[in-house]
Amino acid sequence: MMPVADLVTSLTVQPEGENLTGLTREQLATALEATTIAPRSRSMRRDQIWNGLYIRGWRSIDDITTLSKGLRAELVEQFVIERPEIVHEQRSEDGTIKWLLRVNDGREIETVYIPEETRGTLCLSSQVGCTLTCRFCHTGTQKLVRNLTVAEIVGQILVARDVLGEWPRPTDNRKISNIVMMGMGEPLYNAENVRDALRIAADGDGLAISRRRITLSTAGVVPVIPWIGREAEVMLAISLHAVRDDLRDELVPLNRKYPIADVLEACRAYPGLSNARRITFEYVMLQDVNDSVADARELVRLLKGIPAKINLIPFNPWPGAPYECSSKTRIKNFADVISRAGYASPVRTPRGRDIMAACGQLKSASLKLGARRRRLEAVREVSAAS
Ligand code: SAH
């Protein structure tokens, strides 16, 4: 029997050349060493390509009109410019847009755009599926998991800009002003690719999204928290959801490995932490599970001394979920304790619930799979069973 990986590869359409999207500036320079571009003009060519990819939004090497025809012809032989393909787009009544995107091996991920009065936020996925199995999260019920490549993470931004018509990249009043790594997956289990993707997103001569407007959310992979702070210098959000280890063990099983005290210690030491750069603590409101006034008081006590924002997230239901969203009164009572302790407007308005685009509702279910994907899954299942 052929190993699964080989079977999958043989059914996968591989790109013809190396994808220029998702290479760091250094990698792009190295890639150009394999061409006839003279060493002295390499950095200029690299900058032209970078500008084309991330300011002008080029979708193919033929679009790079700042390069000569001859050079383009040479590059086409070796490279491609590729991004994920839109399989399906859904628009919510509230303006939220959710895209189901197909990546190279046929797997699917979801990306969500949330427009607001003063900003527009793009919520990116870091993995196909997720291994964390948080009990209240739909994504965790999806079996297949793999890390996304840098190109697939950056590609989500490019696709969103294509649809929103944001090329060439505007300098102000941008539709996409903020990025949150809060889609499918645990970003700190794919930390290097996420780091590279966020560096590309923040590059001032490219996509130019300010690091202060990029937030990475983690369930608390403690050893990687200081690393990502140093390497990517982005804002941090922690999916806390409970104030006692016994309950958090159940809701966020990663807590058995990295308990609350360890997570908070890593937060206190987060690079760049200050009152102007606070950590966001996400707290999902589950009726009669974690939403008492005593829980709220304990939350305030735990966070003492950490420059923090608290984000209460009304639980977003999904088919078969074992929880209910807390009642309005319970959310209000909980929020009152928080705001009396000095934390401002903490309830996150659910966005895109009607299209299952809200927090924890993302799941590219097998129902959505195309025929080719289903065949591929069948091969995997057969081979796993044998
Ligand atoms: N794995 C990362 C990134 C996911 S972010 C993390 O855990 O932080 C998505 C956020 O939505 C997390 O805070 C997650 O706990 C929360 N969430 C998951 N399911 C939810 C649901 N059904 N309703 C509301 N929030 C949910």
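**Figure 1. Helix 6 against helix 7.** Ala191, Glu192, Arg195 and Arg199 of helix 6 meet Trp227, Ile228, Glu231 and Ala232 of helix 7. Contact means heavy atoms within 4.5 Å. By class, this contact holds four nonpolar, no polar and four charged residues. Ala, Val, Leu, Ile, Met, Phe, Trp, Tyr, Cys and Pro count as nonpolar; Asp, Glu, Lys and Arg count as charged; the others, Gly among them, count as polar. The model is predicted: local features need pLDDT of at least 70, side-chain atom pairs count only at pLDDT 80 or more, and totals for chains, interfaces and linings use all residues. Residues are numbered from 1 along each chain as its sequence is written, and side-chain values use heavy atoms, with hydrogens and water left out. Helix 6 spans residues 191-202 and helix 7 spans residues 225-232. Their axes lie 10 Å apart, and the packing angle is about 25 degrees. Axes are lines fitted to C-alpha atoms, for helices over the stretch in contact, and angles run from 0 to 180 degrees between N-to-C directions. Helix 6 is therefore roughly parallel to helix 7. Angles under 35 degrees count as roughly parallel, over 145 as roughly antiparallel, 65 to 115 as roughly perpendicular and the rest as oblique. The crossing of helix 6 and helix 7 is right-handed. A crossing is right-handed if the near helix is turned clockwise from the far one by less than a right angle, and left-handed if anticlockwise.

**Figure 2. Helix 10 against helix 11.** Helix 10 covers residues 293-303, and helix 11 covers residues 328-340. Their axes come within 9 Å and cross at roughly 25 degrees. That angle makes helix 10 roughly parallel to helix 11. The crossing is right-handed. From helix 10, Val293, Asp295, Ala296, Arg297, Leu299 and Val300 take part in the contact. From helix 11, the partners are Asn333, Phe334, Val337 and Ile338. The contact of helix 10 with helix 11 has seven nonpolar, one polar and two charged residues.

**Figure 3. The whole protein.** The protein has 12 helices and 13 strands. Helices (H or I, at least four residues) and strands (E, at least two) are DSSP runs, numbered from the N terminus. Of the 386 residues, 54% are buried. Buried means under 20% relative accessible area, exposed over 50%, and partly exposed in between (1.4 Å probe, protein chains only). Among contacts between residues at least 6 apart in sequence, 67% join residues at least 24 apart.

**Figure 4. Pro271 and its surroundings.** Pro271 sits in the loop between helix 9 (260-268) and strand 12 (279-285). Pro271 is partly exposed, at 24% relative accessibility. Leaving out residues up to four places away in sequence, Pro271 touches Pro226, Gly229 and Arg230. Met235 is 36 residues from Pro271 in sequence, and the two C-alpha atoms are 9.7 Å apart.

**Figure 5. Thr280 in strand 12.** Thr280 belongs to strand 12. With a relative accessible area of 11%, Thr280 is buried. Apart from neighbours within four places in sequence, Thr280 contacts Leu236, Ala237, Ile238, Lys309 and Asn311.

**Figure 6. Cysteines without a bond.** Zero disulfides turn up in a search of the whole structure. A disulfide is a pair of cysteine sulfur atoms within 2.5 Å. For Cys134, the closest cysteine sulfur is in Cys137, 6.2 Å away, which is too far for a bond. Cys359 is in no disulfide either; the nearest cysteine sulfur, in Cys123, is 7.1 Å away. Cys134 is buried, with a relative accessible area of 15%. Cys359 is partly exposed, at 33%.

Figure 7. Trp167 and Pro168 are joined by a cis peptide bond, with omega about -15 degrees. Pro168 lies in the loop between helix 5 (150-164) and strand 9 (178-181). Ala208 is not a glycine, yet its phi is positive, about 55 degrees. Ala208 is in the loop between helix 6 and strand 10 (214-218). Its relative accessible area is 18%, and Ala208 is buried. His241, also not a glycine, has a positive phi of about 70 degrees. His241 lies in the loop between strand 11 (235-239) and helix 8 (245-251). His241 is buried, at 5% relative accessibility.
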